[in-house]
Amino acid sequence: MKTLVWVEHDNAVMKDATLAVVTAAGKLGEVHALVAGKGCGAVAEQVAKVAGVATVHVADDASLEHGLAENVAPLVAKLMESHDAFLAPATTTGKNIAPRVAALLDVMQISDILSVEGPKTFTRPIYAGNAIATVESSDAKLVITVRGTAFDKAATEGGSAAIEAVGGASDAGLSTFLSAEIAKSERPELTSAKIIVSGGRALGSGEKFEEVITPLADKLGAGIGASRAAVDAGYVPNDYQVGQTGKIVAPEVYVAVGISGAIQHLAGMKDSKTIIAINKDEDAPIFQVADIGLVADLFTAVPELTGKL
Amino acid sequence: MKILVPVKRVIDYNVKPRVKADGTGVDLANVKMSMNPFDEIAVEEALRIKEAGKAEEVVAVSVGPAKAQETLRTALAMGADRAILIETDETVEPLAVAKLLAKVAAEENPGLILLGKQAIDDDSNQTGQMLAALLGWGQATFANTVSVEGDSVTVAREIDGGLQTVKLNTPAIVTTDLRLNEPRYASLPNIMKAKKKPLDTKTPGDYGVDIAPRLTTLKVTEPPVRSAGIKVADVDALVGKLKEMGVGE
């Protein structure tokens, strides 16, 4: 089987999310990659070195600069004439593009796969991860999004793929990119952080969130996450949200501070290796999944913890 | 302009789903069902656009069993003008739903179709994007803010790392994220009024769409269970545990 992997990037650097997709694609067959963007030659060079990638297709065109699905999907659909499976990371970019490709190919997409069980058989979470479905596709081609935390990352060195230019990109004339506000942060990205400190509604305000959570995260070199309640209350920006509809994370250590543990939140973090919960409500559901729990008032316990580490 | 809002009847947000003992699916017998939360946000946004004088009519549509009428009545009670139920007891996958909605769009000619970004049962996150592809329209997924101006719609999208703003020519597809708005509750008088609003019932056959599933579910299982660990007495004990793990050294 010949697979086509969507490379996530910002026209300069390949994003880590790509690497798990390469691993998933490798379980299906030969791995080809697509770098679609503008002035994205450096990204193609990086992808060519990823272990297991056979060919890197590069589509370099102004219409592809911002990854607009209207312009990208026809290009991918055309390339799929000579590939059997399209795989993208289950990031906001992948989720935006893949279904548009699937519909153009008249294929039912398989979203957010956790494992490859056979050439057409996969597992995927449903109901916020409260159930795992094993599904088999009857379509001639496959369109898949991949949960990054479920597959090992391919090595970024060791490959020597051929780089081939792909033409035919054009502006579909349906949509225009206006602007992007991307938060700049020195912190590790949530989806690749080894340690995450997450705060919930119990923090009470954006100021308290900053005052209590940030020093602990700084001390641990951790990424910062939040529950939906904390995001909805405006304590932190939306891209901090961990959960069913936010980011899915699986760090070595996840510290949940003042998070009760709604099923939608657990769906986003329960594959973390060690879960630590600090909450003053000893009956909070978070303690049912926590490896280490501390029943305490977070406003005293967290600063004390930060001080003693 | 007319706005079409597809809505889905799903397990209620607050109910913990249970996998059936025979591994064929999730037990939905005697479980509270509600409108998919993201679809409620879509209905709300459509109503706000109408209330701002930028749309004349809001039409809710659902694909599902006869009971999905209740979901449509909820949309009508919130303020939608009329509803269409495409009734079937079969499992309808996002691709087939998108094909049915494309047929409805061809009949109704909406300027905007507002959908939830994903349904909280199958968590597919596909229907809006697929519908946009089938109609050849622009798509703005994961909307955080939506503003309609003349024959275009500007949408700020929630993306990994922040927000991206795009402008689409209408007709267009917008899928909603959590923070787009806070849906209203239907008042009792509006719930009564909704009972008299028009609700058409159709079948997938009326639209000539083949809804046969492409995926076969071989089994549904419980996820690996995480068991509760230990509770420590105080911060010092927690520090000790963290140091054992090599954290915070």
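This is a predicted model: local features need pLDDT of at least 70, side-chain atom pairs count only at pLDDT 80 or more; totals for chains, interfaces and linings use all residues.
**Exercise 1. Chain B on its own**

Describe the make-up of chain B: how many helices and strands does it have, and what share of its residues is buried?

Solution. 
- Start with secondary structure. Chain B has six helices and 13 strands.
- Next, take the extent. Along the principal axes, its C-alpha atoms fill a box of roughly 65 × 45 × 40 Å.
- Then turn to burial. Of the 249 residues in chain B, 48% are buried.
- Finish with the contacts. Among those in chain B with a separation of 6 or more, 69% join residues 24 or more positions apart.

**Exercise 2. The side of chain B that touches chain A**

Work out how many residues each chain brings to the contact, and which element of chain B gives the most.

Solution. 
- Count by chain. Chain B brings 65 residues and chain A brings 69.
- List the elements of chain B that each supply at least two residues to this side. The helices are α3 (94–108), α4 (127–135) and α6 (235–244). The strands are β7 (138–149), β8 (152–159), β9 (162–169), β12 (215–221) and β13 (230–232).
- Pick out the top contributor. β9(B) gives the most, with eight residues.
- Sort by class. The side of chain B that touches chain A has 30 nonpolar, 20 polar and 15 charged residues.

**Exercise 3. A sheet across the two chains**

Trace the strand order of the open sheet of six strands, and explain why one side of each edge strand is left without a neighbour.

Solution. 
- Write the order: β13(A)-β12(A)-β14(A)-β15(A)-β16(A)-β13(B), with parallel pairing.
- Look at the edges. β13 (223–226) of chain A and β13 of chain B each have a single partner strand, so one side of each has no neighbour in the sheet.
- From one strand to the next, it averages 20°.
- Check the join between chains. β16 (residues 292–295) of chain A pairs with β13(B) in the parallel sense, over three bridges. Here A:G293 stands opposite B:K231.

**Exercise 4. Inside the chain A part**

Find how many bridges join β12 and β14 of chain A, and which strands helix α5 of chain A touches.

Solution. 
- Take the strand pair. β12 (residues 195–199) and β14 (residues 253–257) of chain A run parallel and are joined by five bridges.
- Locate one facing pair. A:I195 stands opposite A:V253 in β14(A).
- Place the helix. α5 (residues 206–220) of chain A packs on the sheet and touches β12, β13 and β14 of chain A.
- Compare directions. The direction of α5 of chain A makes about 175° with that of β12(A).

Technical notes: Residues are numbered from 1 along each chain as its sequence is written. Chains are lettered from A and ligands numbered from 1 in the order in which they are written. Helices (H or I, at least four residues) and strands (E, at least two) are DSSP runs, numbered from the N terminus. A residue is buried if 20 or more other C-beta atoms lie within 10 Å of its own, exposed if 12 or fewer, and partly exposed in between; C-beta atoms are placed from the backbone. Two residues are in contact if their C-beta atoms, placed from the backbone, lie within 7 Å. Ala, Val, Leu, Ile, Met, Phe, Trp, Tyr, Cys and Pro count as nonpolar, Asp, Glu, Lys and Arg as charged, and the others, Gly among them, as polar. Two strands pair if DSSP finds at least two bridges between them. Axes are lines fitted to C-alpha atoms, for helices over the stretch in contact, and angles run from 0 to 180 degrees between N-to-C directions.
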